[in-house]
Amino acid sequence: MEPVIPASIVIPCYNGSRTLTSLARCLRGAVGEDTEIIFVDDGSTDGSERLFASLVPGATVVRQGNSGLAAARNAGARVARGEFLQFLDVDDTIGQGKIKDQISFALKEHLDVVYSGWQMVVVNDEAVLREPVCDAPMPCEPVRALMGGWWVPFHSYLITREAYLGVNGSDDTLVNAQDFDLMLRLAIAGKKFGYLAGHYADYFRYTSVKSLARGPRQRYWHDCQRAVEKGLEMLRCRGELSKERKAAAARKLHEVARSVYSIDRKWFGDVMERVLALDPKFSPPGSVGYRVGAKLLGFERVERLAQRTRGFRRRRESFSAGGGSGS
């Protein structure tokens, strides 16, 4: 039987060669000798597997046909020997000391999941903008926080392998929202979450490159809605669907409804019916004007007005940026 080691870093990859050099540089600074690195090549066609193997010779490489992000994470977790799992996408980085510090904290506090602060890094060609560090714990218990929209990037977390496999890992039937779905299921299963302050992860957003983890907008919001409904059913079966948790789920579903309004009006209406069934006194987040408008005009009318206002604002900004229509 293979000996258990402190941590395994699981890196799923599909055609991610453009960022592998910077990823390897990150790993050299963040990983100790007792950390296992598992690279899961998810059917890449750009030579990612060969490049990573040359950059990180000691890594374990798992090969599979293109099956999606969740399936790649599960494949890595199944062969991992680490007591803790650090998932890391090829276009993100973790800070020096993250794994060591989070493991120490988890062992001291008997935690299943540790999370910490992170920073959004926006890359626009050669320009790099670092936004303020987001370093704040969940505002309430994990189920309500996650249902209500609280979020940190997936690589901010460190998860015990036992907890991850205990909830059957990531849902590979979801194209999107796998992270939200997994963390919600861990929370519902009663896994203990803990917050360790500090900037330990960078989340990169490349404005000129479409994220490999996202599909069409319609599928993205479909999967978000599905993850919420799965969570609600789990809570109902456990007898743990409180009024507060229903209200939190209503807020998440309202986000879905607003996002699909321009895609499918019937979908919007169906989701809003679900929102009001969960929370008959639902008051939407946002500006005072939007809340008052929803109360006086109804959700469909106020959303139509809000969409028109945003469209007008975008056209005005585009017009201003272009210097007008004259010379």
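I take buried to mean under 20% relative accessible area, exposed over 50% and partly exposed in between, with a 1.4 Å probe and protein chains only. The model is predicted: local features need pLDDT of at least 70, side-chain atom pairs count only at pLDDT 80 or more, and totals for chains, interfaces and linings use all residues. Residues are numbered from 1 along each chain as its sequence is written, and side-chain values use heavy atoms, with hydrogens and water left out.

**Entry 1, salt bridges.** I counted a salt bridge where a side-chain nitrogen of Lys or Arg is within 4 Å of a carboxyl oxygen of Asp or Glu. The count comes to 20. I looked up R185 and found it paired with D181, with the closest N and O atoms 2.9 Å apart. Both residues lie in helix α7, 4 residues apart, about one turn of the helix; helices (H or I, at least four residues) and strands (E, at least two) are DSSP runs, numbered from the N terminus. R185 counts as buried at 10% relative accessibility, and D181 is buried at 1%.

D179 pairs with R73, the closest N and O atoms being 2.5 Å apart. D179 is in helix α7 (residues 178–188) and R73 in helix α3 (residues 69–79), so this pair ties together parts that are 106 residues apart in sequence. D179 is partly exposed at 23%, whereas R73 is buried at 1%.

I then took D171 with K230, where the closest N and O atoms are 2.7 Å apart. D171 sits in the loop between α6 (161–166) and α7, and K230 in helix α8 (residues 217–238), so the pair ties together parts 59 residues apart in sequence. D171 is buried at 13%; K230 is partly exposed at 23%. I noted a network of salt bridges linking D171, D181, R185, R226 and K230.

I used nonpolar core for a set of buried Ala, Val, Leu, Ile, Met, Phe, Trp, Tyr and Cys residues joined through side-chain atoms within 4.5 Å. The largest has 64 residues, and M147 is one of those with the most contacts inside it. Beyond its neighbours within four places in sequence, M147 is in contact (heavy atoms within 4.5 Å) with residues including F180, L184, V228 and L232. A second, separate core of 29 residues includes V56, L88, V90 and L158.

With a disulfide set as a pair of cysteine sulfur atoms within 2.5 Å, I got 0 disulfides. For C140, the nearest cysteine sulfur, that of C134, is 17 Å away.
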